[in-house]
Amino acid sequence: MSFYGEESRYPGILSWIFSTDHKRIGLLYLITMLLFFATGATLGILMRLELIAPGSTIMEATSYNAVFTLHGVIMIFLFIIPGLAAPFGNFFLPLQLGARDVAFPKLNLLSWWFFVGGGAIVLSSLFVGEGPPDTGWTIYAPYSIRTTSAVSLAVFGVFVIGLSSILTGINFLTTIHRMRAPGMTWFRMPLFIWSLYATAWVQVIATPVIGITLLLVILERTLGIGFFDPAKGGDPLLFQHLFWIYSHPAVYIMILPAMGAVSEIIPVFARKSIFGYKAIAISSVAIAVVGYLVWGHHMFTSGISYEARLAFSLFTFLVAIPSGVKVFNWVASLYKGSIELSAPMLYTLAFIFLFSIGGLSGLVQGALVTNVHIHDTYFIVAHFHYIMFGGAAFGFFAALHYWYPKMFGRMYDRKAAKAAWFIKFIGFNVLYFPMFVLGWQGMPRRYFDYLPQYQDLHMISTVGSWILVTGLIIMFANLIISLRHGAVAGANPWKAATLEWQVPSPPPPENFAEIPTVTSGPYDFGRFRDK
Ligand code: HEM
Ligand SMILES: [Cu+2]
C-alpha cells in the first residue's frame with residue numbers, strides 16, 4: 001500500500017512484515033485477523049448447513065467434530081482474543097497517548113510474528129497427523145489426551161499465540177506508564193486506553209496459566225506423564241480448573257477493548273462528553289480483577305463442592321455489576337445527546353443491545369439451578385455468540401468503521417455501510433436467537449444430528465446465517481473497494497476531540513511533528529463549537 005510513507009530498507013511486502021512502526025503492525029494484525037475471521041465464518045456456515053435437517057446432510061459426525069473445534073479455536077485464539085487490542089490498540093495507543101511509537105517496537109514486531117506463526121501451526125494441524133483436532137476448543141482431558149487427532153500440534157500453535165499475547169500486554173503496559181504526552185494524566189486518558197490497560201494486565205497475568213496448561217497436555221500426550229488422565233492417577237478436573245483460570249479472564253481480554261472503543265464512539269456521535277468517565281475507567285479495572293474469581297461457573301456440573309459452587313455463583317453475579325455500570329453510563333451519555341446515526345454509532349448501539357442480551361443470559365447460567373438445566377445445550381451457544389460476536393465482534397466492526405478514515409485516509413460508502421449493518425443485525429438475531437429456545441428445550445451442543453422436533457428452529461437459524469453472511473460480504477466489499485475509491489477523508493471527519501484525530505489521515509511516520517501538550521480531557525468538544 002503506497003499511502004504509508006515510512007522509510008524502509010526493504011521493498012514491497014517486506015517493508016510491511018519487517019516494519020517496527022506501530023501503525024503498520026496494527027494493519028498487519030488487522031489483515032491477518034480478518035483472514036482468520038473469514039476462515040472461521042466459513043466453517044460456521046458449513047456447520048449451519050449440516051444442521052439444516054436431522055441426519056447427515058453435508059458431513060459426517062467426525063468431520064463435524066473437527067469443524068466445530070477449528071471454528072472455535074480460530075474464532076477464539078486467532079480472532080477475538082487478539083480482538084481490538086492487537087490491531088486498533090497497536091495503531092491507536094501511541095496516537096491517543098501523544099507518543100511516537102510503543103515502548104518496544106521490535107518486541108511488537110516479534111509479537112506479530114508469533115501470532116502468524118502460531119496461527120499457521122494451528123492451521124497446519126488440519127493436514128498432518130491422523131486428522132484435525134476434534135476435542136472442541138476447550139481441549140478437555142481425558143479425551144484430549146487419548147484422541148489420535150493432531151491435538152498436540154494445534155495446542156502448540158495456541159501456546160505460541162499465547163506468547164504473542166503476553167508480549168503485547170507487556171508492551172502496552174510499559175507504553176501507558178512511560179510514554180504519555182506531557183499533561184496526559186491518568187484521568188485524561190481516553191477510555192479506550194483505560195480498557196487496553198486493564199486488558200494488558202489480564203494478558204500478562206492470566207496467559208502464562210494457559211501456556212503451562214497447554215505444555216502439560218503436550219507432555220502428557222507425548223511422554224504419557226499422567227497429570228490429567230485418571231487411568232494414571234491424574235485428575236481431569238485439574239485440567240478444567242487450569243483451563244478456565246485463564247479462559248474466563250480471557251473473555252475480558254476480548255470484551256474490554258470493545259467496551260473501550262464503544263466509550264470513544266458514543267461521545268463523538270452524541271456530541272456530549274461521556275457520562276461517568278471515572279466510573280467507566282475504574283469499572284474496566286474492576287472487571288479485570290473480579291474476572292479472576294469466577295472461573296468455576298464453567299464447572300457447576302463437574303462435581304466440585306457445594307461451597308465452591310456457591311462462591312463461584314456469587315462472584316459471577318458480582319462481576320456483572322461493573323458491566324452494568326458501563327451500560328448505564330453509555331445510555332446516560334446518549335440521553336439528550338444530539339445523536340448522529342452513522343455506521344460506527346449503529347454498530348455501537350447494536351453492541352449495547354446484543355451485549356446486554358448476552359450478559360443477562362449469562363446470569364441465567366450463573367444461577368446454580370438454571371445452570372444445570374441448560375448446561376452444554378444450545379443456550380450456551382446462543383449466550384457466547386451474543387457476547388463474543390454480538391458484543392466483541394460488533395464492537396470490532398464499530399471500531400473499524402470509526403477509525404477506518406484515520407487508518408486509510410479515505411471514507412467508505414456510508415449508505416452501503418448502514419445497509420450492511422442492518423442486514424447483519426437482522427441476520428445475527430435470526431441466526432442466534434432461536435438457539436436460546438433450542439437450548440432451553442434441551443438441544444445439546446456439539447452434535448451434528450438432532451431429533452426431528454428441533455428442525456424448525458434449526459432451519460430458521462441456518463437461514464439467519466445466510467442473511468448474516470450477506471451483510472458481512474457487503475461490509476467487506478465496501479471497505480475493500482473504498483481503500484482506493486473512497487472519498488478523501490481529511491484529518492478529522494467525525495470532529496472528534498482525542499489526539500489521533502489531530503494529525504493527518506493516515507498519520508505520518510512517527511505520528512507527531514512535535515509531541516503535543518495535553519490541557520483538557522479527551523471528550524471536550526467545546527473547542528469545535530466556535531468554528
Ligand atoms: C458466520 C458466523 C458464525 C456462525 C454461522 C457460527 C456458527 C456456529 C455453530 C453452528 C457452532 C457449533 C454449535 C455446536 O454444534 O455446538 C459454533 C460454535 C462456536 N462458535 Fe461460532 N459461528 C459464527 C461466528 C462466531 C464468532 C464470531 C465467534 C467468536 C468470536 C464464534 C465462536 C464460537 C465458539 C467458541 C464455538 C464453540 C466451539 C466448541 O464447541 O468447541 N463463532 N458456531
Ligand atoms: Cu466464564
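A nonpolar core is a set of buried Ala, Val, Leu, Ile, Met, Phe, Trp, Tyr and Cys residues joined through side-chain atoms within 4.5 Å. The structure described here is a predicted model, and its largest nonpolar core has 172 residues.

**The core**

Within this core, the residues that touch the most other members are F88, W330 and W403. Among the elements of the structure, helix α14, which spans residues 378–408, gives the most to the core, with 21 residues. Apart from residues up to four places away in sequence, W403 touches F88, F92, Q96, F192, A261, E264, E500 and W501.

Two packed helices are described by the angle between their axes and the distance between the axes. Helix α15 covers residues 414–441 and helix α16 covers residues 455–485; they pack at an angle of about 155 degrees, with their axes 7 Å apart. Angles over 145 degrees count as roughly antiparallel, and α15 and α16 are therefore roughly antiparallel to each other. The crossing in which α15 passes α16 is left-handed. In the contact of α15 with α16 there are 18 nonpolar residues, nine polar residues and one charged residue.

Helix α16 also meets α14. The axes of α14 and α16 come within 12 Å and cross at roughly 15 degrees, which makes α14 roughly parallel to α16. This crossing of α14 and α16 is left-handed. On the side of α14, the residues that meet α16 are Y378, F389, F397, L400, H401, Y404 and F408. Their counterparts in α16 are H458, L468, L472, M475, L479, S482 and L483. The contact of α14 with α16 contains 11 nonpolar and three polar residues, and no charged residues.

**Individual residues in helices**

Two residues of α15 may be described in turn. R414 is found in helix α15 and, at 38% relative accessibility, counts as partly exposed. Leaving aside neighbours within four places in sequence, R414 is in contact with E340 and W494. R414 and N478 are 64 residues apart in sequence, and their C-alpha atoms are 9.1 Å apart in space.

N429 also lies in helix α15. Is N429 buried or exposed? N429 is buried, with a relative accessible area of 17%. Beyond its neighbours within four places in sequence, N429 is in contact with L354, Y386 and P434.

In helix α11, which spans residues 306–334, Y306 is found. Y306 counts as partly exposed at 48% relative accessibility. Y306 and A120 are 186 residues apart along the chain, and their C-alpha atoms are separated by 42 Å.

**Backbone features in loops**

| Cis peptide bond | Omega |
|---|---|
| A141 to P142 | near 5 degrees |
| S505 to P506 | about -10 degrees |

P142 is found in the loop between α5 (105–124) and α6 (143–146). P506 has its place in the loop between β2 (487–488) and α17 (526–529).

Positive phi values also occur in loops. D376, although not a glycine, has a positive phi of about 60 degrees. D376 is placed in the loop between α13 (368–374) and α14, and is partly exposed, with a relative accessible area of 35%. R446, a residue other than glycine, has a positive phi near 65 degrees. The loop between α15 and α16 holds R446, and this residue counts as partly exposed at 27% relative accessibility.

How values were computed
Residues numbered from 1 in each chain as written. Chains lettered and ligands numbered in written order. Predicted model: local features only at pLDDT ≥ 70, side-chain atom pairs only at ≥ 80, totals over all residues. Heavy atoms only, no water. Axes fitted to C-alpha atoms, helices over the stretch in contact; angles between N-to-C directions. Helix = DSSP H or I, 4+ residues; strand = E, 2+ residues; numbered from the N terminus. Parallel < 35°, antiparallel > 145°, perpendicular 65-115°, else oblique. Left-handed = near helix turned anticlockwise from the far one by under 90°. Nonpolar A, V, L, I, M, F, W, Y, C, P; charged D, E, K, R; others polar. Buried < 20%, exposed > 50% of the residue type's maximum accessible area, 1.4 Å probe, protein only. Contact = heavy atoms within 4.5 Å.
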